[in-house]
Amino acid sequence: MKPGYKQAAELATVLLLAAGVTASGLWVTGAKHRARQLFVELEELNREQDRLQIDWGRLQIEQSTYATHPRIEALARERLHLTNPADEQLVVVTEPTAAAR
């Protein structure tokens, strides 16, 4: 092997390794940056989830407040003008006896 060829091969190997190290460094830097971006996004989503959980709890409390029997009865009397039926309007339905079947 010629001395110049050996030096050129070593130089090419060193340049190839340097390019590999540089590419690897760029990839690691990009991966770290992406991981930070994803972490920031995750934290934002966690905060939004917390806000939504609080809203959900408030809505459940509000729903239970609006769904109470006294409130529904009051609304039925006020808005729909419903009243209790008179005794003569009531019909009692009983289950037929075994003999009548």
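Trainee: What should I know about the model and its numbering, and from which number do residues count?

Mentor: This is a predicted model, in which local features need pLDDT of at least 70 and side-chain atom pairs count only at pLDDT 80 or more, while totals for chains, interfaces and linings use all residues. Side-chain values use heavy atoms, with hydrogens and water left out, and along each chain, as its sequence is written, residues are numbered from 1.

Trainee: How many helices and strands does the protein have?

Mentor: Helices (H or I, at least four residues) and strands (E, at least two) are DSSP runs, numbered from the N terminus. Helix α1 covers residues 3-66, and helix α2 covers residues 69-79. The count for the protein is two helices and zero strands.

Trainee: What percentage of the residues is buried?

Mentor: Buried means under 20% relative accessible area, exposed means over 50%, and partly exposed lies in between (1.4 Å probe, protein chains only). The protein exposes about 9,700 Å², and carbon and sulfur atoms supply 62% of it; such areas come from the Shrake-Rupley method with a 1.4 Å probe, where for residues only the protein chains shown count as cover. Of the 101 residues, the buried share is 1%.

Trainee: Which residues form a nonpolar patch on the surface?

Mentor: Patches are made of residues with over 30% relative accessible area and no salt bridge; like charges are joined within 9 Å, and nonpolar side chains (Val, Leu, Ile, Met, Phe, Trp, Tyr) within 5 Å. One member lies in helix α1, namely Phe-39. Together the members have about 280 Å² of accessible area, and they are Phe-39, Val-40 and Leu-42.

Trainee: How far apart are the closest N and O atoms in the salt bridge of Asp-55 with Arg-58?

Mentor: A salt bridge is a side-chain nitrogen of Lys or Arg within 4 Å of a carboxyl oxygen of Asp or Glu, and a search of the whole structure finds two. Asp-55 and Arg-58 are three residues apart in helix α1, so about one helical turn separates them. Asp-55 is partly exposed at 38% relative accessibility, whereas Arg-58 is exposed at 55%. Their closest N and O atoms are apart by 3.8 Å.

Trainee: What is the N to O distance in the salt bridge of Arg-77 and Glu-73?

Mentor: These two residues are four apart in helix α2, so they too are separated by about one helical turn. Arg-77 is partly exposed, with a relative accessible area of 35%, and Glu-73 is partly exposed at 42%. From N to O, the distance is 2.9 Å.

Trainee: Which residue other than glycine has a positive phi near 55 degrees?

Mentor: Look in the segment after α2. With phi near 55 degrees, the residue is His-81.

Trainee: How far is Pro-96 from Val-14, C-alpha to C-alpha?

Mentor: Pro-96 sits in the segment after α2 and is partly exposed, with a relative accessible area of 49%. Along the chain, Pro-96 and Val-14 are 82 residues apart. Their C-alpha atoms are separated by 100 Å.
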